[in-house]
Amino acid sequence: MSKKKIVLPLFIVALMVFSIFGVVIGSFSNDQIETFKFNGYRFTYDGTIWFTHINNQRLEFTTDPRQLEGFYIGDIINKISNHNKVYLSVNPEDNIEQEKNIFIAILSGLFNKPIIRACPSDNQLCENLPLKDCSDSIPEKELVIKLEKGDNLIQEDVSCIAILGDRNYFVTVLEKIRLEVLL
């Protein structure tokens with residue numbers, strides 16, 4: 001038998017042996033899946049995302065639900081639920097358009113009501129949007145939620161909520177809202 005005919009089969013056998021060896025060694029690695037119970041639901045961390053299943057639907061969270069347990073979001077859930085209209089007011093100069101869109105998508109889906117885009121003050125970039133600030137809110141009728149860059153805090157009034165923060169803080173607020181509403 002020639003050397004060329006032996007090299008290819010030996011290469012394939014070696015490749016298969018080392019592949020099996022890699023799978024066996026990989027199964028003993030430290031990347032073990034973490035699971036725990038939270039509010040009666042089993043959460044799993046797969047190394048990148050936390051998830052649970054509700055009614056055969058997978059719910060994903062970027063934040064460990066145990067870390068959200070003491071996270072303060074005020075009375076935002078009740079206020080959104082108890083108002084006929086909800087305005088999300090964002091100054092376009094803050095450059096948080098992506099965060100605004102995520103808030104609108106998640107809140108409208110969770111509460112099954114439209115979240116209306118608005119601006120807090122007159123601005124050329126707000127020509128086609130209603131102007132809504134805390135002074136425009138009406139108890140039990142019109143809630144104004146303001147997103148602003150700031151110091152990671154929530155300020156509440158009767159029918160106005162200002163969420164000041166950075167992208168990570170906005171995501172954490174939404175994760176906490178989702179956790180509270182869905183579980």
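## Disulfides of the chain

Cysteine 126 is buried, at a relative accessible area of 3%. Here buried means under 20% relative accessible area, exposed means over 50%, and partly exposed is in between (1.4 Å probe, protein chains only). The model is a predicted one, in which local features need pLDDT of at least 70 and side-chain atom pairs count only at pLDDT 80 or more, while totals for chains, interfaces and linings use all residues. Residues are numbered from 1 along each chain as its sequence is written, and side-chain values use heavy atoms, with hydrogens and water left out.

A disulfide is a covalent bond between the sulfur atoms of two cysteines. In this report the term stands for a pair of cysteine sulfur atoms within 2.5 Å. Searching the whole structure gives two disulfides. With the bonded cysteines of the chain numbered in sequence order, the pairing reads 1-2, 3-4.

| Disulfide | S to S distance | Angle about the S-S bond | Hand |
|---|---|---|---|
| Cysteine 119 and cysteine 126 | 1.8 Å | -75° | left-handed |
| Cysteine 134 and cysteine 160 | 1.9 Å | -50° | left-handed |

Cysteine 134 sits in the loop between strand S6 (115-118) and strand S7 (142-149), and cysteine 160 in strand S9 (residues 160-165), so their link ties together parts that are 26 residues apart in sequence. Strands (E, at least two residues) and helices (H or I, at least four) are DSSP runs, numbered from the N terminus.
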